[in-house]
Amino acid sequence: MKKTALWGVLALMLASCSTKPQKQTVTLIPAENFQQVIDGKPVDLYTLTNENGMTVQVTNYGTRIVNLWVPDREGNFRDVVLGRNTLEEYMNSEEKYYGATVGRYANRIEKGRVFLDDQVYQLDINDGENHLHGGSKGYYDVVFDAEPYTTEQGDDAILFTYLSPDGEMGYPGNVTIQIRMVLPHDKNEVQISYKATTDAPTVINLSHHSYFNLSGEGSETILDHTLQINGSHYTPTDEGLIPNGLIATVIDTPLDFTTPRVIGERIDEPYEALQLGGGYDHNWVLDRSGDVTEAAEVSSPLTGIKMTVLTDEPGIQFYSGNFMTGNDIGKTGKSYGFRSAFCLETQNFPAAPNYPEFPSTKLRPGETYNTVCIYRFEVE
């Protein structure tokens with residue numbers, strides 16, 4: 001064999017021995033899977049990216065986050081939110097809230113009754129005898145106008161707008177809503193800001209409802225995740241998960257996440273609050289120290305992905321996926337089973353319009369509703 005040929009063979013052998021496994025990269029859903037018209041308004045799918053490779057796909061149908069790709073400790077990209085591959089699948093899902101905005105009032109209101117200025121408004125009933133997440137056609141089920149743009153800082157962003165008409169799901173007042181979603185060019189975080197005005201007295205409480213699994217979409221459990229919530233109190237509920245108006249301590253209970261704890265460590269303990277919720281499904285009262293502060297932090301031991309939630313809201317709902325059945329098949333063909341995802345929903349308190357001792361959710365003409373939710377991603 002000639003010397004040049006021998007060196008060529010050796011080079012190929014060395015290259016073969018040193019080849020590293022291919023890292024997992026971002027997989028995008030085609031925009032055409034969402035491009036339809038609903039109620040006379042066009043639906044589309046938008047893609048936001050930053051210089052770190054973080055990628056978010058979001059549709060204006062309910063302003064849903066469809067994909068959220070972040071790097072793990074090995075540099076592999078993981079999609080950390082549950083969702084569907086097509087618009088039709090979202091519309092026909094057993095679970096209605098994947099990645100969506102919920103409102104006009106997030107969470108529950110007892111028997112759908114709102115007491116406001118000596119009047120009683122009857123809202124749509126869609127959760128047993130109660131009202132949940134805006135009713136049977138809340139904001140998760142409407143099409144927002146969408147305007148993609150680039151900020152002055154060079155960040156990918158989308159402005160969503162929607163006019164919620166007087167009487168929609170029983171709510172008073174025409175409410176103009178703006179939801180701004182920003183992916184900073186140099187930080188791995190999704191910034192969601194909400195703004196609303198009204199022409200008549202009303203109540204409002206908007207929240208984001210992504211189902212997260214930091215081990216990756218389609219992973220079987222979140223019970224191995226570690227969670228910390230910066231709240232030493234919560235709002236106890238009845239069997240319908242309606243608050244009773246009290247604020248109770250979590251210290252020395254299975255709801256105590258003031259220091260990091262594994263989610264599955266105490267979830268099945270015979271504690272009344274856990275039995276009523278079938279696990280964790282409670283509103284924590286946040287210990288505040290500023291305008292926008294850290295509300296919670298959660299991480300996966302498998303991937304090293306850590307998510308920090310920041311907000312200016314007084315509460316956060318931690319839901320451990322207790323009502324997930326496995327009937328919905330996700331983006332990679334895997335079923336979404338019992339406790340295979342969690343939600344961390346920044347919010348005002350459930351049923352607050354009917355409890356004067358809770359923070360007010362009233363919005364009047366001339367006032368502006370503003371709130372912020374940030375999901376920040378790092379590795380450890």
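On a 1 Å grid over the protein atoms alone, a cavity is a set of points where a 1.4 Å probe fits but cannot get out, whereas a pocket is an open set with protein on both sides within 12 Å along at least five of seven lines; lining residues have an atom within 4 Å of a point. Grid points are joined across faces, edges and corners, and a volume is the space filled by probe spheres set on the points.

The model is predicted: local features need pLDDT of at least 70 and side-chain atom pairs count only at pLDDT 80 or more, while totals for chains, interfaces and linings use all residues. Residues are numbered from 1 along each chain as its sequence is written, and side-chain values use heavy atoms, with hydrogens and water left out.

**Stop 1: the cavity**

The whole structure contains 1 cavity of 30 Å³ or more, and the space in this largest cavity is about 50 Å³. Select Asn107, Arg108, Thr235, Thr237, Leu241, Pro243, Asp281, His282, Asn283, Gln317 and Pro350 to display its lining. With 3 residues, strand S22 (residues 281-285) gives the most to that lining; strands (E, at least two residues) are DSSP runs, numbered from the N terminus. The lining comprises 3 nonpolar, 6 polar and 2 charged residues, where Ala, Val, Leu, Ile, Met, Phe, Trp, Tyr, Cys and Pro count as nonpolar, Asp, Glu, Lys and Arg as charged, and the others, Gly among them, as polar.

**Stop 2: the pockets**

Next select Glu95, Tyr97, Tyr211, Tyr319 and Phe323, which lie nearest the centre of the largest pocket among its 26 lining residues. This largest pocket holds about 500 Å³ of space, and its lining has 9 nonpolar, 9 polar and 8 charged residues.

For the second largest pocket, of about 260 Å³, select Gln24, Trp69, Asp79, Glu217 and Thr332, the nearest to its centre of 15 lining residues. Strands S5 (64-71) and S6 (77-79) each supply at least two residues of this lining, which divides into 3 nonpolar, 7 polar and 5 charged.

**Stop 3: the core**

A nonpolar core is a set of buried Ala, Val, Leu, Ile, Met, Phe, Trp, Tyr and Cys residues joined through side-chain atoms within 4.5 Å; buried means under 20% relative accessible area, exposed over 50%, partly exposed in between (1.4 Å probe, protein chains only). The largest such core has 58 residues, and Leu68, Met307, Phe318, Leu344 and Phe377 have the most contacts inside it. Its largest share, 5 residues, comes from strand S14 (residues 175-183). Another core, of 18 residues, lies apart from it and includes Phe34, Val43, Leu87 and Tyr319.

Centre the view on leucine 68: beyond four places in sequence, its contacts (heavy atoms within 4.5 Å) include Met54, Val81, Val190, Phe212 and Phe377.

**Stop 4: the cysteines**

How many disulfides (cysteine sulfur pairs within 2.5 Å) does a search of the whole structure find? The search finds 0. Cysteine 343 is buried, at a relative accessible area of 0%, and cysteine 373 is buried with 0%.

**Stop 5: a surface loop**

Finally, select glutamate 239, in the loop between strand S19 (233-234) and strand S20 (248-249). Glutamate 239 counts as exposed because its relative accessibility is 66%. A distance line between the C-alpha atoms of glutamate 239 and valine 66, 173 residues apart along the chain, spans 32 Å.

How values were computed: Helix = DSSP H or I, 4+ residues; strand = E, 2+ residues; numbered from the N terminus. Disulfide = S-S within 2.5 Å.
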